[in-house]
Amino acid sequence: MACSKIIGARAYRRGSSDGLSPLDDEGHGSHTASTVAGRAVGNVSFDGLAAGVARGAVPGARLAVYKVCWSGGGCGGADILAAFDDAVADGVDVISFSIGGPMPRQYFLDVAAIGSFHAMRRGVVTSTAAGNSGLSGGRVCNVAPWMLSVAASS
């Protein structure tokens, strides 16, 4: 069965998108996509607890994927900004930006804050990862007031 959820995909690396594959080779993009738009799966549990149906937040959502992070190569600022611009130009309704660092940055130096500001000015909301510090850091990294920062807890 073909996947009709993904309606577009692009990849960016070092300012180029020529010949790059947007396929997820680490699982992070697939994991976050299923959190957003995963179909309902019945009869699931966690070691027998919380048995029921698991699904993404909006199972009927369609996804456009913009890959900007690479193994060993990080996530380039110019690539992130190009992906924000392309997502807005492609007409997306929501940008799910699942990239976070250990510390917040000043807005005018933070590519996530800059890209999401331009998206917000065009009516596109950006949902961001609150951070990747976990319990050891206790910090939120994506703090611009025009972004919706989302975190998990334990």
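Two strands are taken to pair if DSSP finds at least two bridges between them, and helices (H or I, at least four residues) and strands (E, at least two) are DSSP runs, numbered from the N terminus. The structure is a predicted model, in which local features need pLDDT of at least 70 and side-chain atom pairs count only at pLDDT 80 or more, while totals for chains, interfaces and linings use all residues. Residues are numbered from 1 along each chain as its sequence is written, and side-chain values use heavy atoms, with hydrogens and water left out.

Strands E2 (residues 41-46) and E3 (residues 49-54) run antiparallel and are joined by three bridges. In this pairing, valine 41 lies opposite alanine 54 of E3. The two strands form a hairpin with two residues between them. Aspartate 47, located in the loop between E2 and E3, has a positive phi of about 50 degrees although it is not a glycine. The relative accessible area of aspartate 47 is 73%, so this residue is classed as exposed (buried means under 20% relative accessible area, exposed over 50%, partly exposed in between; 1.4 Å probe, protein chains only). Alanine 50, also not a glycine, has a positive phi of about 55 degrees. Alanine 50 is placed in strand E3 and is exposed, with a relative accessible area of 74%.

The largest nonpolar core contains 17 residues. Such a core is a set of buried Ala, Val, Leu, Ile, Met, Phe, Trp, Tyr and Cys residues joined through side-chain atoms within 4.5 Å. Tyr66, Phe84, Val92, Ile95, Phe97, Ala119 and Val124 touch the most other members. Two or more residues are given to this core by each of helix H2 (77-89), strand E7 (94-97) and helix H3 (111-121). H2 provides the largest share, five residues. Valine 92 is in contact (heavy atoms within 4.5 Å) with Ala64, Tyr66, Ala87 and Val124, leaving aside neighbours within four places in sequence.

At the start of H3, a side-chain oxygen of aspartate 110 comes to within 3.1 Å of the backbone nitrogen of alanine 112. The buried residues of H3 are Ala112, Ala113, Gly115, Ser116 and Ala119. These buried residues pack against H2, E7, E8 and strand E9 (147-150). Glycine 123, which follows H3, has a positive phi near 85 degrees.

Threonine 128 belongs to strand E8 (residues 125-129). Its relative accessibility is 3%, and threonine 128 therefore counts as buried. Not counting residues up to four places away in sequence, threonine 128 touches Phe97, Asn142, Met147, Leu148, Ser149 and Val150.

The count of disulfides comes to one, a disulfide being a pair of cysteine sulfur atoms within 2.5 Å. Cysteine 69 is joined to cysteine 75, with an S to S distance of 1.9 Å. The link of cysteine 69 and cysteine 75 is right-handed, with 110 degrees about the S-S bond. Cysteine 69 is partly exposed, at a relative accessible area of 29%, and cysteine 75 is partly exposed at 34% relative accessibility. Cysteine 141 is in no disulfide, and the nearest cysteine sulfur, that of cysteine 75, is 12 Å away. With a relative accessible area of 4%, cysteine 141 is buried.

Conventions. Polar contact = N/O pair within 3.5 Å; in protein donor to acceptor, adjacent residues only side chain to side chain.
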